[in-house]
Amino acid sequence: MKLKKSFLILVLAIASILGAITVTAYQTSNKQSMLIFPKGSTYEKEWAKVDSLTKKGLTKSALDVVNGIYAKAKIESNSSQFVKAIIHRMKFEQYMEEYSLVKALNKLNEEAKEAKFPVKPILQSMIAESYWNYYEQNRWNFYNRTEAVNFDNEDITTWDLKTIFNQVIKNHQAALANSDSLKRTPLNIYDDILVKYTNGRKFRPTLYDFIAHRAVDFYMNEEPNITRPAYKFELNSESYFWNVDDFSKINIESKDTLSLKFYAIQTLQNLVRFHLNDENPQALIDIDLKRLKFVRTNSISEIKDSLYLEALQNLEKRFANHPSSAEVSYEIASLYSEKGNKYAPLQGDENKWMKKQALELCESIIQKYPATDGAKNAAVLKAQITAHDLDFIAEKISLPLKPSRASVTYKNLKTVYVRIAAMDIDKYNKTIDRLYGEKLIEEYLKLKPTKEFAVELPADGDYQSHTTEIKIPELGFGHYIILMGSDKTFSYKNNGVAYSATWVSNISYVNRRMENGSYDFYVQNRLSGEPLKGVTAQLYYEKYNYTFRKYEYVKAEKFTSDENGYFNVPPTNDYRNFSIDFTYKYTIGSLSITDKLQTDNGVYQYRSYKEDKRKYPKTFFFLDRAIYRPGQTVYFKGIMINTDGETNEIMPNTYTTVTFYDVNYQKVADVNLTTNEYGTFNGTFTTPMGVLNGQMSITNGSGTTYLSVEEYKRPKFEVTFKPVEGSYRLNENIKVTGIAKAFSGASIDGAEVKYRVVRNASFPSWWYWWRGYYPTSAQMEIANGSLTSNDTGAFFVDFKALPDLSIPKSYQPTYNYTVYADVTDINGETHSSQTYISAAYTALNLSVNIPNMLEKENTDAFAIYSTNMSGQFEKASGKVSIYKLKEPEKTYRERGWSKPDKYLMSKEEFEQLYPDDEYKDENNMYKWEKAEKVYEKNFNNTSTLVPLKTGVSTKVNSNDSVKLVNLKLWKQGVYVMEAFSKDAYGEEVKDVNTSPSIPTQVKKFLTKSTGSIS
């Protein structure tokens, strides 16, 4: 964890309103003359009396003393004591009065109105924080509250989220209004209400620093869920990453008066300007680091990480000879370490060496400036990077006298030590019930080892986690504990120690629950699958011991498997969770063998209730609409059926009472009806007037429907988007046309259009199978703005199809751009619409409509589709080829864990030890080689104009197709189909279809799973 810098804390003891005001600051040298405000007396005796009365619970008496301090401090203009008295008065009043929270805030506002500098800005900052803390305690009320009108502006309990949000910003800004005086006022005038830490004063030397950083800390919070304007402020310029000199000169403006990002970056810029020429750069470095972190977090630039690193390196270089540069260097090392955490060994070597780079930088910081906070933070980061880590997964059950495997995940280890010991299962269960951690390891070390060995691990020196597989030697029948450690003594402290339990047994079993609540079990030989006769199965179930206050396993029934390896656990009259202890005794020659296995997962058994099916009435209602105005007639119909869940019959000539309820479930009216010969009925209600509108209901007890009653106007127009035609690709400008048209057919001209364009990325469906993982690309808003519809009601959204530059082109991403538009006419009526546009590095989608599986008798033709990225037809020509894939000669058992990235065993050694197991990618058909070509065809998708009798022409699109003849002669197996074409820009497009086949003796399949690659 990063070491915190020195702090100055404003002592605020307002229960549940004001949190501690915590700040971090740096010393500055200001050439302006400083303002002097005498501190005055600290009133030690008076405050000692307040503390004494508070401890005795005499709140009223303590408040009287505080009021005396308040009056005296006000007369003497003692700013520090005056603010301290206000804080304590608010605290005590909350203890004593109902609704004191609102009263306290009102009093605080009154104090701020009358207060003079330097008290006023402190109170305004406190008010802002008080409002925000009130919101945090009541956030759910604000989230469920719509924007209020005609409300009491002085009553905070009636405010909506936007109002309280405005008040917080307003008071933070007001506190900073008199910036010149704030910058000239040293913070030490408030020493009496600041908890001072070692060297703390150098971090926030002036009142301006103190209040500005409090405001910035709030502005960095984007929690409030309010409606954002179309012109919302975004950090969309690289200039926000510029060096302090250039950043201090840029003009930052926004129409978005509710943007916290805007106020944050603006305040940070003011702080940079204030400290830009300081002789001591500590404050400037601290502010700039805060600025760069904030910009990196909120920037929508595709290359923000690169800009952030470059900015840090420039800042480090600028102040390389000052000790405070150590903090900048530490942030660079943290960034390297962060990148190192993204290393995915199965995906490639990207970011592999970043942790080593971070470590080298940490060591440089510690050596160059050992006494700085940056060096202390670097030491913590160094310890994290160089820490040892060890974990492993062993097979739960392995075969006797056969080697098994364990998957070992390790970091910064060259050798791992393994200790295997037999342990009676009953003793094991009792041990893990009462011991854990170091005590458990000590108990395991008391066991006599069956096997002990060490394994040398592949060590790259990259300080990354890696996974490998190690051989677990042959073991006899029984239950074992495997210990694995980074030290041969398996010392628990300062070393990595992991453990796991495993069985060695020939026994396996399957079970299933029956309808009557019983369980069928089949016991089999683990290797051959043959049924095992004569296996005893002792059941244990958990029972609570009230004496020892814990659950204990108690013996229950015992069963023996028959010649089919079968036994049945009958249903129970109660609930229980049981496990089974299997024992199989047999002889081979003169050798007597006992094979045991205990299930580690309990089987949950419960009473089974089988009720006779009975029929019950059910009613389905139908309304003429979903929303009504007050006083409007509701026409409803219904049908009644008798059902048992499987069979249904109508209910003719059935009497029923239908009732109409308002939003408070108060009866508005009811009507008695009788179904006709078809089981239906109909009727009417009138929606109530003068009551609360909202969701109301109609019911007859066996069915309910809901309707909305609202004061509303019928919509007068709608908004639609035209399909995007033509070919386009990434980094090109795309123009989307929207239309606002009245239902009467008239165009809605002069309407205000607010739009947003949001980008998401998707990847080919074959990606996971081919690569073993899915890439990710965060959603991003790439454009927004305001437009006006023209005289035809049309509006045009232009945007550039920007890709995510962090995603390589080779990943074949397709970017989906969602265009949202909100259109408001001159009467204030608003309607919304959205459309989707897709773009990729190629401008053509190619797909052959072959199903996932083909029967050998199939004679269908399969269309070849060529479309633009929005799904519109595009002319294309190319070639389709189908190849037989070289399948493995046998089926491999898949791992019980993820594939390793380091291999200790060669493929030959592995196949000799584990002939039935997968070594790398033997089961991944996407990596199988192609064999002979079985089909080839050139295709041509065309678009022609066909004249009509009316004298005009229409466009006719024609898709070519694939028809597979003599499919019966094809060999059974898996095939891959490849379709080639080129888009309008000459880029090659390729459609690859393949997936595992599931052949039978009679049928044969050609299989596919579609994805586009180039």
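I began with the secondary structure and counted 20 helices and 44 strands in the protein chain, taking helices (H or I, at least four residues) and strands (E, at least two) as DSSP runs numbered from the N terminus. The model is predicted, and I kept local features only at pLDDT of at least 70 and side-chain atom pairs only at pLDDT 80 or more, whereas totals for chains, interfaces and linings use all residues. Residues are numbered from 1 along each chain as its sequence is written, and side-chain values use heavy atoms, with hydrogens and water left out.

For the chain as a whole, I noted that buried residues make up 47% of the 1014 residues, where buried means under 20% relative accessible area, exposed over 50% and partly exposed in between, with a 1.4 Å probe and protein chains only.

Next I looked up helix H12 (residues 282-298) and helix H13 (residues 304-318), which pack at an angle of about 170° with their axes 9 Å apart; axes are lines fitted to C-alpha atoms, for helices over the stretch in contact, and angles run from 0 to 180 degrees between N-to-C directions. That angle makes H12 roughly antiparallel to H13, the class for angles over 145 degrees, while those under 35 count as roughly parallel, 65 to 115 as roughly perpendicular and the rest as oblique.

I then turned to the aromatic rings, and a search of the whole structure gave 30 aromatic pairs; rings of Phe, Tyr and Trp (its six-membered ring) pair if their centres lie within 6.5 Å, with planes under 30 degrees apart counted as stacked, over 60 as edge-to-face and the rest as tilted. Trp-970 is buried at 13% relative accessibility, and Tyr-975 is buried at 2%. I also listed one aromatic cluster formed by Trp-132, Tyr-135, Phe-165, Phe-218, Tyr-219, Phe-262 and Tyr-263.

Last, I checked the backbone, bearing in mind that most residues other than glycine have a negative phi and most peptide bonds are trans. A cis peptide bond joins Phe-117 and Pro-118, with omega about 10°, and Pro-118 sits in the loop between helix H4 (100-114) and helix H5 (119-137). Leu-401 has a positive phi, near 55°, and lies in the loop between strand S5 (397-398) and strand S6 (404-411); at 64% relative accessibility, Leu-401 counts as exposed.
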